[in-house]
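This report describes how one chain of a complex meets its two partner chains, and then turns to a few individual residues. The sequence and the structure are shown first.

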Amino acid sequence: MENYAIEMLNITKRFPGIIANDNITLQLRKGEIHALLGENGAGKSTLMSVLFGLYQPEEGVIKKDGKVVKINDPNDANRLGIGMVHQHFKLVECFSVLDNIILGVEPNTAGFLQKKEAREKVVALSEKYGLQVDPDAVIEDITVGMQQRTEILKMLYRENEILIFDEPTAVLTPQEIEELMQIMKGLAKEGKSILFISHKLNEIMEVADRCTVLRKGKYIGTVEIAGTTKEELSRMMVGRDVEFVVPKDPAKPTDVVLDVQGITVASKSHKHKNAVNNVSFQVRKGEIVCIAGIDGNGQTELVYGISGLEPLKGGRIEFLGQDITKMPIRKRSTMGMSHIPEDRHKHGLVLDYTLENNIVLQRYFEPEFTNAAGFLRKDNIRKYAERLIDEYDVRSGQGPITPARAMSGGNQQKAIIAREIDKDPKLLIAVQPTRGLDVGAIEFIHKQIVKHRDAGNAVLLVSLELEEVMSLSDRILVMYEGEIVGELDPKKTTVEEMGLYMAGAKRQ
Amino acid sequence: MILLLQYTLIFASVLLLVALGGCVSEHSGVINLGLEGIMVMGALGGALVMKFLPYDGGAGFGMFICVLLAAMLIGVLYSSLLAVACINLKADQTIVGTALNMLATALATVFVKSMNTAMNPNDHSSEIFYGKAKEAFVSKLGNFELNWFMIVAVILLVIVYVMLYKTKFGLRLRACGEHPQAAASVGISVFKMRWAGVLLSGLLGGVGGITYITAGASTWKFENGVAGFGFLALAVMIFGAWHPFKIAGAALLFGLFRALGNVYGAFDFLKSMNIPSAIYNMLPYIVCLIVLTFTSKNSKAPKAEGIPYDKGMR
Amino acid sequence: MNKKNPLLRNNGVQTFITSIICIILGLIVGFAALWIINADGAGQAILGVIKNFFNKPTSATRLQYFGQTLVKTAPLLLCSLSVLFAYKVGLFNIGVAGQYCLGVMMAIYSGYVWKLPWWACLLLGIIAGAASGALCGLLKAYFNVNVVISGIMLNWISLYGTNLLLQAAKEKTGKDTVRLLSKAKQAVLPSLGLDKLFGDKYVTIAIPLAIIMAVLIWILLDKTKLGFELKATGNNVNAAKYCGMKENRNIILTMVIGGGLAAMGGALYYLSDYTQWNVNASSVPGMGFNGIAAAFLGGLNPLGAIFSSYFITHITDGGAYVDLSHYCAQIADLISAVIIYLCGFVLFFKTLINNRLRKAEERFTAKERDAVKAAEVKSEGGNQK
């Protein structure tokens, strides 16, 4: 009999309307690194929620060391030695590294904290596994990589045997990713069993021993990494050969639409630092310019500055030849600037409004939708919304009157994209327009963006996905620590070269 | 001058106690807008003990302990109404807090009136007399009347500080107010910690309530409530940046302005300016508004306060 | 097939049901309190509260007292409109009581001291309240001051300010302001014959004006561009900013309108001369807080507020009919406070109803799915043969 650390056998979990996990089996050997591969919506998160007792499966059992166990809540999972580094870290930002590590298992005498012994243990662990952290640093002041190491130390401090990493590389620089890979290998060598959730094939090929693939809630198979290829894994993941390239003609850029001249935007989190520092670039008609970079290098603030959500500390912006540095947001919008925001719940939608009201959010004040006396023309709003819902295939329970809150993330995103592109903007700013969407939706959105370019408009794309950057852009600007460190031609550069710029190792 | 000091200290004690209550509750993640009502109920509990417990004069430690415990107990019980609504049923914290403030005044009035009427059919007032019992915990140091609740306030200040920053319980409590999902992920029950936070705020608010009514007269009319002190205390808490010692400083400042309204008559130069008493009455509230104006922008509020915790949210 | 119980699904119906539940539970708690105080008369006492003017012997007096209940409903309705309007825009206007005070202050002062006609008094009152609301909104928009706390502070400042200014309109003896009907008749609201209809001189145009305001607020919120913007700002201030709405202006404008409404309530009430202001008042008028109760009981709908305001006034008035040798009139306040507390659970009640509906639906579809499965199994079995 095989020696498994944890087994999830024939797990089925249904939600109203969908089967999130359909007869899925996952067996983790002791001391191996096991990858769990699948696209967004493939059922990875649901499976992990089942493992942590957040959901109870309708069918199937979980076994630890060959014995059936019942997991009713995360505490049960912790007791079984299962720990997880979440995609969004579960760290209290105003606490120190040490406080975060001991939280929940505090060494104490009569309720009073005894941090000294905890500190010694943490220091010892960090030396043993090469996890450099300062135990007294406050989380909000340290880098994302250090935060992640804190999360790993949290698991080790609890002496967890089964370590789960949920998409751990999404927020790291290529160099930090390399470090993480080494740490994971070291942990496995020490006998820890590791489950590595990812949809990045290169990383899986590099670090994993075996890989289990899920697709649309179904179990596709488990393969030995040594005996497979990237292409095969990719086919298993999406069910067909993926086309990484969006069909498009070479760009024919003409007049300058957006001219950013040395702009500086203050940082919200750090008082004395600028999020964007003296950045200049141009975007022309008929081209897609892409801002690439690791999350948190000033892309968000750059877009806030251009769209008017944040005031500039310095510099000047020209749009269609006009100085818009101090222009209100509404004016920029009516001049022909559209903005697909990074955070659709924070900026993109009024969640308690209906779909139709969200669709007219940028145009409700136009004569078509508001009459001279200030009353809304509700039938026109309805008609317009119905047209966009139809054209962009936005699906929802009750059509135009569905509350936006009740819609799926993908359809919410499609509604925003419909609203912003249908305005027929001269400049479309799209920030991570395909985040969290399935392959079909991504293809659709990419086609819309290319079509918009071909109609003679400018597109400024901000993306964290290298694939998207490479396939969609005509010109790449890499941002690192608030500055543009390089301009690359997607046809001539490689992902590796781009990585060096993104990590600050190279600049032009 | 001594009178001003005395009033400043007693009002500062009230504000400190109640603000600490708000602080503990907010560190657990619940905004307790019902502190005003909790004060009224705590005051009611203490006043009833003072009225009915036999007492012969002199320093009465037993009387003091009973009054203190009654105020705490009633405060805790009453705050559980907020806890169950806001934590378990995820009700809107603002509405529930407001309702509890109204309910406390109505409940105390109905209770005291019916009690008075039951004892004397012609008495329809909402007042409780406890004149003599108050002497049990007021010591004279020369002209200065030391109210024992001032000492209670200082002791509780130290206890709250140690609890929040030196104990396992405090670490967990603050984690629930900052990032409840993180706390839950390491096996801390967010519901239990929030209940603890709210009940502790009830305890502190109750003590604050009884301190408030014993600050002045020997009788209290429950129809009047506590004149917005619960909310002043919340302002003190914001001004004190959710930190116990800074709150203590803020409480002293606000206590001074409140005390001026009581004792301005004793200062010749203030009296000679002939400022109407209404102006003095307004003073603490005006100061509060001004202070808030300059301190609210960079709020150090716990990040998750006011947001009901939902297990499903990750 | 999924449209079973469509009536129960309707948001308005759900609101109505939850409001009724709140009222019933509130009355039960009130009854329980009465019963604890004195079990014998409790039933009669709670009936007295519910019956209010029906306790009066003749139809003429009933009509007159009904009129008086309406007189008190008008200011409450305006206060509740103020609360619900601000709430729709995401602001909790607890400062209604203070804005109401300021309305009273300017109305009486300009009527008695400046001898202005009623409409000017009303307008000045509204402006005073609106200014106070504007201050609250400015502090929120530009200094991020919590509106609840600034509202409470302004309540007390306004109360003492009103006491101070109205010293000038005080009767020579006592602590109340003068009766406008005898001292400043030009400031009293016209009644357009309503007084004759109800047989009560205090019934004035305040009542129809308040109802008109409710309808106007409903139209503003539901039908206009401004309402669209204000509600968007309330629901998601970031999204409002993103799509170019002036979010700070919207916050301030909302508080201006809210303050104006509350002040209009105070001004109308005192300009009908039904009551006098006590210049030694040491507590903020309860009208503001009852306005919060009425707003939530009315399901935050301006038209619903008409009925909820009436109901709250009705039981508050009814409180006077309890047997005062055992009970006190504040039992009605207790009932309204319990009702607001319960209104906090409206969302909870609604989720409960919706969960019930969904479960019923799931059972229904599960049955159907099982039926389909069974059919499939059968047909598969058939194929194998």
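Helices and strands are named here as DSSP runs, a helix being H or I over at least four residues and a strand being E over at least two, with numbering from the N terminus. In those terms, E159(A) is found in the loop between α5 (144–157) and β9 (162–166) of chain A. The model is a predicted one.

**Chain C as a whole**

Chain C has 17 helices and zero strands, and its C-alpha trace spans about 105 × 60 × 40 Å along the principal axes. Of the 385 residues in chain C, 55% are buried, while the chain exposes about 16,100 Å², with carbon and sulfur atoms supplying 64% of that area. When contacts in chain C between residues at least 6 apart in sequence are considered, 75% of them join residues at least 24 apart.

The size of an interface is often given as the accessible area lost when the parts come together.

| Pair of chains | Buried area | Share on carbon and sulfur atoms |
|---|---|---|
| Chain C and chain B | about 3,900 Å² | 81% |
| Chain C and chain A | about 2,200 Å² | 59% |

In terms of contacts, 22 residues of chain C meet 28 residues of chain A. The elements giving two or more residues to the side of chain C that touches chain A are α10 (206–223), α11 (225–235), α12 (237–242) and α17 (346–384) of chain C. The largest share of that side, seven residues, comes from α11(C). By class, the side of chain C that touches chain A has seven nonpolar, six polar and nine charged residues.

Turning to chain B, 40 residues of chain C are in contact with 46 residues of chain B. Across the interface of chain C and chain B the rule again finds zero salt bridges, and the count of residue pairs in polar contact, both at pLDDT 80 or more, is five. Which elements give two or more residues to the side of chain C that touches chain B? They are α6 (118–143), α7 (147–165), α14 (286–297) and α16 (331–343) of chain C. The helix α7(C) gives the most to this side, with eleven residues. The residues of the side of chain C that touches chain B divide into 30 nonpolar, nine polar and one charged.

**Two buried residues of chain C**

K72(C) lies in helix α4 (residues 59–88) of chain C. Is K72(C) buried or exposed? With a relative accessible area of 18%, K72(C) counts as buried, because the cut-off for a buried residue is under 20%. The side chains of K72(C) and Y274(C) are joined by a polar contact of 3.5 Å. Leaving aside neighbours within four places in sequence, K72(C) is in contact with Y269(C), Y274(C), M287(C), T313(C) and D317(C).

G260(C) has its place in helix α13 (residues 247–271) of chain C, and it too is buried, with a relative accessible area of 8%. Beyond its neighbours within four places in sequence, G260(C) is in contact with I126(C), G129(C) and A130(C). Between G260(C) and W119(C) there are 141 residues in sequence and 14 Å in space, taken from C-alpha to C-alpha.

**Positive phi values in chain A**

Most residues other than glycine have a negative phi. In chain A, N10(A) has a positive phi of about 50° although it is not a glycine. N10(A) is found in strand β1 (residues 4–15) of chain A and is partly exposed, with a relative accessible area of 41%. For E159(A), also a residue other than glycine, phi is positive and near 55°. At 54% relative accessibility, E159(A) counts as exposed, because that term applies to values over 50%.

How values were computed. Residues are numbered from 1 along each chain as its sequence is written. Chains are lettered from A and ligands numbered from 1 in the order in which they are written. This is a predicted model: local features need pLDDT of at least 70, side-chain atom pairs count only at pLDDT 80 or more; totals for chains, interfaces and linings use all residues. Side-chain values use heavy atoms; hydrogens and water are left out. Contact means heavy atoms within 4.5 Å. Buried area is the accessible area (1.4 Å probe) that two parts lose on being put together, summed over both. A salt bridge is a side-chain nitrogen of Lys or Arg within 4 Å of a carboxyl oxygen of Asp or Glu. A polar contact is a pair of N or O atoms within 3.5 Å; within protein, one must be able to donate a hydrogen and the other to accept it, and residues adjacent in sequence count only if both atoms are side-chain atoms. Ala, Val, Leu, Ile, Met, Phe, Trp, Tyr, Cys and Pro count as nonpolar, Asp, Glu, Lys and Arg as charged, and the others, Gly among them, as polar. Buried means under 20% relative accessible area, exposed over 50%, partly exposed in between (1.4 Å probe, protein chains only). Accessible areas come from the Shrake-Rupley method with a 1.4 Å probe; for residues, only the protein chains shown count as cover.
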